[in-house]
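User: I'd like to learn how to read a fold from a model. Could you walk me through this one?

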Amino acid sequence: MELALGLAERAAHDGEVPVGAIVVDSEGTIIGRGYDQRESLNDPTAHAEVLALRQAAKRMKSWRLNGCTLYVTLEPCTMCMGAILGARIEWLVYGARSPKSGAVESVLELARVPGLNHKVSVRSGVEEARCAELLRSFFTRLRQ
């Protein structure tokens with residue numbers, strides 16, 4: 001999560017929402033990194049998770065990221081949860097909750113929808129205070 005926080009700080013420095021993500025394979029090797037870049041890329045899909053998953057899939061030469069863990073500083077949205085489930089991520093580890101758009105436990109619970117062909121294990125609240133403070137301070141500065 002420490003590396004994901006570093007990417008989130010980079011996003012904030014670039015004027016992006018401070019969200020960072022890392023994909024780690026089953027051997028502990030980082031195979032994907034991403035941070036929010038919607039503003040700089042003018043791309044509504046350029047969320048940290050999606051960019052990290054794309055990089056990981058390219059490196060693995062497969063869209064199936066079986067056995068991989070995604071670390072992200074903020075609870076994923078609906079789009080990102082769809083990508084996480086579609087990529088067959090084994091573990092999702094995230095920091096801060098997203099009370100307005102979180103699709104793991106805050107607004108929706110997509111990881112628990114019955115009948116899906118893939119289940120992802122979830123661990124939430126990792127470095128939650130640090131992840132939340134980074135977001136809080138970014139939006140406070142933005143409003144000033």
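Analyst: Let's go from the sheet to the helices and then to single residues. This is a predicted model, where local features need pLDDT of at least 70, side-chain atom pairs count only at pLDDT 80 or more, and totals for chains, interfaces and linings use all residues. Residues are numbered from 1 along each chain as its sequence is written, and side-chain values use heavy atoms, with hydrogens and water left out.

User: In what order do the strands form the sheet?

Analyst: Strands of a sheet pair through backbone hydrogen bonds, either parallel or antiparallel. Here 5 strands form an open sheet, ordered β2-β1-β3-β4-β5, with mixed pairing. Strands (E, at least two residues) and helices (H or I, at least four) are DSSP runs, numbered from the N terminus, and two strands pair if DSSP finds at least two bridges between them. β2 and β5 each have a single partner strand, so one side of each is left without a neighbour in the sheet.

User: Which strands are joined to β4 by bridges?

Analyst: β3 (residues 69-74) runs parallel to β4 (residues 91-96), joined by 5 bridges. β4 is also parallel to β5 (residues 121-123), with 3 bridges. For landmarks, find Trp-91 in β4: Thr-69 stands opposite Trp-91, and in β5 the bridge partner of Trp-91 is Ser-121. Tyr-71 is opposite Val-93 of β4.

User: What kind of unit do β3, α4 and β4 make?

Analyst: A crossover is right-handed if, with the strands pointing away from you, the path from the first strand over the helix to the second runs clockwise. β3, helix α4 (residues 78-86) and β4 make a right-handed β-α-β unit.

User: How are α1 and α5 oriented to each other?

Analyst: Axes are lines fitted to C-alpha atoms, for helices over the stretch in contact, and angles run from 0 to 180 degrees between N-to-C directions. Under 35 degrees counts as roughly parallel, over 145 as roughly antiparallel, 65 to 115 as roughly perpendicular, and the rest as oblique. α1 and α5 pack at about 5°, with axes 11 Å apart, and are therefore roughly parallel. Contact means heavy atoms within 4.5 Å; among the residues making this one are Leu-5 and Ala-8 of α1 and Leu-134 and Phe-138 of α5. α5 also lies across β3 and β4, at about 60° to β4.

User: Which residues of the largest nonpolar core touch the most other members?

Analyst: In soluble globular proteins, nonpolar side chains tend to be buried together. A nonpolar core is a set of buried Ala, Val, Leu, Ile, Met, Phe, Trp, Tyr and Cys residues joined through side-chain atoms within 4.5 Å. The largest here has 40 residues, and those touching the most other members are Val-23, Leu-70, Met-81, Ile-84, Ile-89, Leu-92 and Val-120. α1 gives the most, with 5 residues.

User: Are Thr-73 and Met-60 buried or partly exposed?

Analyst: Buried means under 20% relative accessible area, exposed over 50%, and partly exposed in between (1.4 Å probe, protein chains only). Thr-73 sits in β3 and is buried because its relative accessibility is 2%. Beyond four places away in sequence, its contacts include Met-1, Gly-20, Gly-95 and Cys-131. Met-60, in helix α3, has 37%, so Met-60 is partly exposed.
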